[in-house]
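Subject: Structure for you to look at

Hello,

Here is the structure I said I would pass on. My notes on it follow below.

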Amino acid sequence: MRKEVWILLILAVLIALFLSPFASPFPDGLERVAEDKGFLEKGEGKEIIHSPIPDYVFPGIANERVATAVAGIVGTLLTLAVAYGIAVLIKGRVASKQEIQERQETG
Amino acid sequence: MHIPDGLLDAKTWGTAWVLGGAALAYGAAKTRERLQERQIPFMGVMAAFIFAAQMVNFPIAGGTSGHLLGAVLAAVLLGPWTASIIMATILALQAFVFLDGGVTALGANILNMAVIAPFAGYWTYRLIQRIWNNRTGTLVATFIAAWFSVVLAAGACAFELAFSGMVPLRVVLPAMLGWHVLIGIGEAVITTVVVGYLTQVRADLVYETAKI
């Protein structure tokens, strides 16, 4: 993997660990509009699944900043794994170097 | 602007699932055709970076915050089709694991942030970059495209809420656009900084535009 790609990965991990716990607690654009226009409560408690890490707070950790950092790193690595897996699935099996060489030799 | 469950009616989220799903299926086929095998790790890392960056809400004004979407970042570096797949992957994980965005509303969130945002952004980027074809032009194009992608996705979100009968369009559209015109500036700054860094060290990391 190229150096720049490693740097981007390290940056992602650092952001998840050290920046995400200090994210602004203010509502985002849609939440703010829902609040101002009086339809926020219609989207509360309507979730149809049970999320393992709701609202980016890892359960069972008392310190909320630590719970968010743990949720962040879990999510970042999970996204890396799933997106990489999807890329491999979409592209089909990655050919080994030997196979590429054989293909080149047989022309 | 992750829509939770409960805000869209069945006809709206159902339609959005069909449109979003169809775009993703086509996006997967295009990615198979165009993504190079050596770019596979980059695709994974780009998704991880966008996920992490999306967690960091930045305050904008009046007690409201925004966060990066990352659709144009992915589209400029890996092409719009691959960006769609990356964004949809992130949105699905956010909905199922982190209770961020609903499961019924996932189709609409995919349509807004994984289809409309990367494509509107990418076409804007290409249009400007074609006229202003140097490094400065590329960065200006990235900045404007990133801003526009957020504003347009917010507009689409407003239409879906209105179409569901949740809130009148004349009420929700100006409100959504008003906040996202500001949030889009944050999107534009972050996207341009990251694209600027990556293109400085490796110009070839930018998506081969000739292949679109």
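Which residues in helix 3 of chain B meet helix 7 of chain B, and which residues do they meet there? On the helix 3 side they are V72(B), L73(B), V76(B) and L77(B), and on the helix 7 side T191(B), V194(B), V195(B) and L198(B). Sorted by class, this contact has seven nonpolar residues, one polar residue and no charged residues. Please keep in mind that the model is predicted.

Packing around helix 3 of chain B

The axes of helix 3 of chain B and helix 7 (residues 169-201) of chain B come within 9 Å, and they cross at roughly 25 degrees. Angles under 35 degrees count as roughly parallel, and the two helices are therefore roughly parallel to each other. Their crossing is right-handed.

Helix 3 (residues 71-78) of chain B also packs with helix 6 (residues 135-163) of chain B: here the axes come within 9 Å and cross at roughly 135 degrees. That angle makes helix 3 of chain B oblique to helix 6 of chain B. This crossing, too, is right-handed. A71(B), V72(B) and V76(B) are the residues that helix 3 of chain B brings to the contact, and they meet T142(B), A145(B), A146(B) and S149(B) of helix 6.

Where the two chains touch

Between the chains, 51 residues of chain A are in contact with 60 residues of chain B. On the chain A side, the elements that give two or more residues are helix 1 (3-19), helix 2 (29-36) and helix 3 (64-91). Helix 3 of chain A provides the largest share, 14 residues. The chain A side as a whole divides into 31 nonpolar, nine polar and 11 charged residues.

Helix 3 of chain A

This helix has 28 residues and reaches 40 Å from its first C-alpha to its last, close to the 40 Å expected at 1.5 Å a residue. Its buried residues include T68(A), A69(A), V70(A), G72(A), G75(A), L80(A) and I86(A). What covers the buried residues of helix 3 of chain A includes helix 1 of chain A, and from chain B helix 2 (40-54) and helix 4 (80-98). Just after helix 3 of chain A comes G92(A), with a positive phi of about 85 degrees.

Two backbone angles to check

Most residues other than glycine have a negative phi. D55(A) has a positive phi, near 55 degrees, and is a residue other than glycine. Y56(A) is another residue other than glycine with a positive phi, near 60 degrees. D55(A) is placed in the loop between helix 2 and helix 3 of chain A, and Y56(A) lies in the loop between those helices as well.

Is each of these two residues buried or exposed? D55(A) has 11 other C-beta atoms within 10 Å, and a residue counts as exposed at 12 or fewer, so D55(A) is exposed. Y56(A) has 24 such atoms within 10 Å, and 20 or more count as buried, so Y56(A) is buried.

Regards

Key: Residues are numbered from 1 along each chain as its sequence is written. Chains are lettered from A and ligands numbered from 1 in the order in which they are written. This is a predicted model: local features need pLDDT of at least 70, side-chain atom pairs count only at pLDDT 80 or more; totals for chains, interfaces and linings use all residues. Axes are lines fitted to C-alpha atoms, for helices over the stretch in contact, and angles run from 0 to 180 degrees between N-to-C directions. Helices (H or I, at least four residues) and strands (E, at least two) are DSSP runs, numbered from the N terminus. Angles under 35 degrees count as roughly parallel, over 145 as roughly antiparallel, 65 to 115 as roughly perpendicular and the rest as oblique. A crossing is left-handed if the near helix is turned anticlockwise from the far one by less than a right angle, and right-handed if clockwise. Two residues are in contact if their C-beta atoms, placed from the backbone, lie within 7 Å. Ala, Val, Leu, Ile, Met, Phe, Trp, Tyr, Cys and Pro count as nonpolar, Asp, Glu, Lys and Arg as charged, and the others, Gly among them, as polar. The expected span of a helix is 1.5 Å times one less than its number of residues.
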